[in-house]
Amino acid sequence: MTVSRKKAIELLENEAGDITRLFEKPTGQWRLALRRFRGRRSGMTGLFIVVGLILVALFAPIIAPYEPNEILIGVEDVTRRDPPCIHLLGCPEETPQHIMGLDGNVRDVFSRIVYGSRVSLTLGFFTVTLALVVGSTIGAISGYAGGWLDNILMRIMDVILGFPSLLLAIAIVAVLGPGLRNALLAIAIVTLPGYARVMRAQVLAIKENDYVTASRALGSSTRSILLKRIIPNSLTPLVVLATLGVATAILEAAGLSFLGLGAQPPAAEWGSMLARERNQVFTSPHLVFFPGIAIMLTVLGFNLMGDGMRDALDPTLNR
Amino acid sequence: MAGNLVEVRNLVKEFPVKGGLLQRQIGKVEAVADVDLDIRHGETIGLVGESGCGKTTLGRMLVRLLEPTSGTIRFDGQDVTHIHGKDLRPFRRRVQIIFQDPYGSLDPRGQVGDTIAEGLKLHGVSDKDERHQRVVEMLELVGLKEAHVGRYPHEFSGGQRQRIGIARALILKPDLVVADEPVSALDVSVQAQVLNLLKEIQQELSLTLLFVAHNLAVVEHISDRIAVMYLGRIVELTDRDTLYRNPLHPYTQALLSAIPVPDPDRPRNRTILQGEIPSPINPPSGCHFHPRCPIARKDLCDVEPPSLMDAPGGVEHQAACWLRAGDRAVATG
């Protein structure tokens with residue numbers, strides 16, 4: 001008796017919910033995810049940092065007081081590796097203001113860091129796009145086709161995964177020659193297996209769903225099933241992985257540049273800025289401190305945003 | 001309309017069992033073994049059996065989601081057993097399936113209207129307004145509203161989702177619909193609604209329905225004829241009333257005695273089967289049912305596999321039992 005009463009109430013509530021819903025706008029998965037994302041403080045902090053960085057990169061010429069490669073000796077009354085001078089904080093008015101100081105070649109560190117954000121962001125973005133597109137294509141083919149093709153593709157991915165990622169990236173750059181574009185390529189290759197594997201696992205799971213079978217029973221072609229049903233439903237974890245991947249890519253690029261294999265001087269790149277002045281850690285700490293902070297902040301921003309997105313897109317949190 | 005819409009002969013589906021280091025085939029499972037079945041125009045035929053007996057496999061072969069290992073399926077006179085690609089398309093339009101799980105059978109990212117309209121799009125209804133109109137008609141037929149067109153599956157209850165699944169299957173006005181346990185995943189209160197809906201629609205559109213279920217009470221409600229499956233074979237086939245009144249096969253008798261009666265005082269005459277359902281990788285010799293059968297006779301049932309044989313009495317009633325049907329049948333008890 002109690003059970004049936006509970007059922008009855010439940011049914012009534014369902015009906016009521018249904019009626020009120022008729023007046024709401026339909027909510028798709030992405031819209032729901034966005035709503036959840038907004039409610040998460042860490043994710044919003046990450047988004048804030050990332051948007052800030054993008055703005056800095058876009059408006060670098062306006063923000064930066066100097067050209068990134070402008071050598072200021074003879075232009076201003078300054079010397080090599082001058083510490084930061086901020087007028088607001090009591091630096092004498094007659095010395096020119098350099099809020100992050102000057103580097104070993106008497107260039108304004110702040111301007112270089114501002115311009116460096118362009119390098120890091122484009123590199124992070126292109127690396128991840130490349131790895132995402134190629135990796136998920138491999139994964140989708142592998143997962144859907146199965147059999148020997150799956151085996152071959154996945155064993156290749158295993159071989160790439162078998163190397164420590166930075167070591168393999170160094171080897172690839174060593175073959176292709178140093179430079180930012182080759183570093184980008186190397187990092188994309190190294191991060192490829194992650195995307196391929198996640199995509200493959202998604203496709204394997206999703207292709208067993210009845211809605212895929214239903215499409216087949218209606219007469220859809222393999223291609224349209226893959227493109228319209230399976231891939232759109234597989235994207236969620238890849239979006240998260242890609243966001244976190246930007247952070248990794250920027251970090252690896254900075255690492256390669258630090259080793260002299262990425263950005264070449266005089267390009268303003270955070271990793272190479274660190275590398276050039278690493279012997280001056282104790283005498284002029286600002287020269288390693290500020291590029292380090294910049295890298296850290298960027299990576300932190302993307303990681304927080306990625307975490308927030310993972311929480312927001314997690315299907316297990318779907319009511 | 002008289003005559004058979006579907007004629008199934010000697011249908012077999014084997015699945016390979018792989019194992020070992022190199023994933024070599026080390027055995028096979030005979031999910032469906034030598035099934036003959038005719039489905040008549042406009043009838044509802046119930047297919048019952050316990051989990052793993054091959055009823056879903058049989059259903060999926062009929063809609064050609066699985067390719068039979070051997071045997072033939074004739075649909076409306078045409079051999080459709082091994083057709084592929086372009087030849088399969090007209091068949092797809094005429095044969096549809098309703099799935100068991102209302103949660104997994106709808107694309108979570110697709111709006112309901114698009115999900116239902118997919119079949120129309122694939123089969124040449126290119127006019128958007130016409131598609132919309134037919135989707136709305138279909139939604140109303142299954143008891144939903146036009147306002148639901150733009151909604152997503154997660155906004156619906158299980159019963160409503162199943163209605164959407166039914167609408168998707170019926171939008172092409174198919175001749176044959178295989179309903180693969182369409183109500184097993186639903187609450188009992190909703191089961192009745194969906195069953196009645198299916199029944200109404202079946203009459204309205206003069207559908208032929210193959211209704212797969214493991215619940216005899218559900219099947220009784222909807223079917224004209226019932227086929228009972230055990231371990232890949234059909235063991236009994238007759239019209240509903242005969243089956244419930246006079247089941248012949250001991251397995252059917254056991255199944256029927258397992259239906260709960262909502263009366264605690266009524267004495268129950270249960271036939272409780274012993275043992276487990278045997279592994280289809282290594283099925284028993286002779287009659288697949290003999291190790292669990294209360295009436296099995298030595299040197300007959302464990303040696304010779306029985307096929308479907310006419311029961312004594314003249315009614316259209318077939319059973320795969322040496323002792324209850326065919327020429328050698330002894331008097332039924």
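In this predicted model, chain B is divided into domain 1 (4–18 + 27–223) and domain 2 (247–261 + 269–333). The C-alpha centres of these two domains of chain B lie 30 Å apart. Where they meet, 10 residues of domain 1 of chain B are in contact with 8 residues of domain 2 of chain B. On the domain 1 side, the elements giving two or more residues are β2 and α7 (216–222) of chain B. The largest share of that side, 5 residues, comes from β2(B). By class, the residues of the domain 1 side divide into 5 nonpolar, 2 polar and 3 charged.

**Strand pairing in chain B**

Strand β2(B) also pairs with β1(B), and β1(B) pairs with β4(B) as well. The two pairings are set out below.

β1(B) and β2(B) form a hairpin, with 4 residues between the two strands. In the turn, Gly20(B) has a positive phi of about 80 degrees.

**Contact between the chains**

How many residues of chain B are in contact with chain A? On the chain B side there are 28, and they touch 23 residues of chain A. The elements that give two or more residues to the chain B side are α2 (85–94), β6 (95–98) and α3 (112–122) of chain B. Helix α3(B) gives the largest share, 3 residues. The side of chain B that touches chain A has 9 nonpolar, 10 polar and 9 charged residues.

**Helix packing in chain A**

In chain A, helix α9 (residues 210–218) packs against helix α10 (residues 222–258) at an angle of about 150 degrees, and their axes are 10 Å apart. Angles over 145 degrees count as roughly antiparallel, so α9(A) is roughly antiparallel to α10(A). The crossing of α9(A) and α10(A) is right-handed. From α9(A), the contact is made by Tyr211(A), Val212(A), Ser215(A) and Arg216(A). The residues from α10(A) are Ile225(A), Arg229(A) and Ile230(A). By class, the residues of this contact between α9(A) and α10(A) divide into 4 nonpolar, 1 polar and 2 charged.

Technical notes: Residues are numbered from 1 along each chain as its sequence is written. Chains are lettered from A and ligands numbered from 1 in the order in which they are written. This is a predicted model: local features need pLDDT of at least 70, side-chain atom pairs count only at pLDDT 80 or more; totals for chains, interfaces and linings use all residues. Axes are lines fitted to C-alpha atoms, for helices over the stretch in contact, and angles run from 0 to 180 degrees between N-to-C directions. Angles under 35 degrees count as roughly parallel, over 145 as roughly antiparallel, 65 to 115 as roughly perpendicular and the rest as oblique. A crossing is left-handed if the near helix is turned anticlockwise from the far one by less than a right angle, and right-handed if clockwise. Two residues are in contact if their C-beta atoms, placed from the backbone, lie within 7 Å. Ala, Val, Leu, Ile, Met, Phe, Trp, Tyr, Cys and Pro count as nonpolar, Asp, Glu, Lys and Arg as charged, and the others, Gly among them, as polar. Two strands pair if DSSP finds at least two bridges between them. Domain bounds come from an automatic or database domain assignment.
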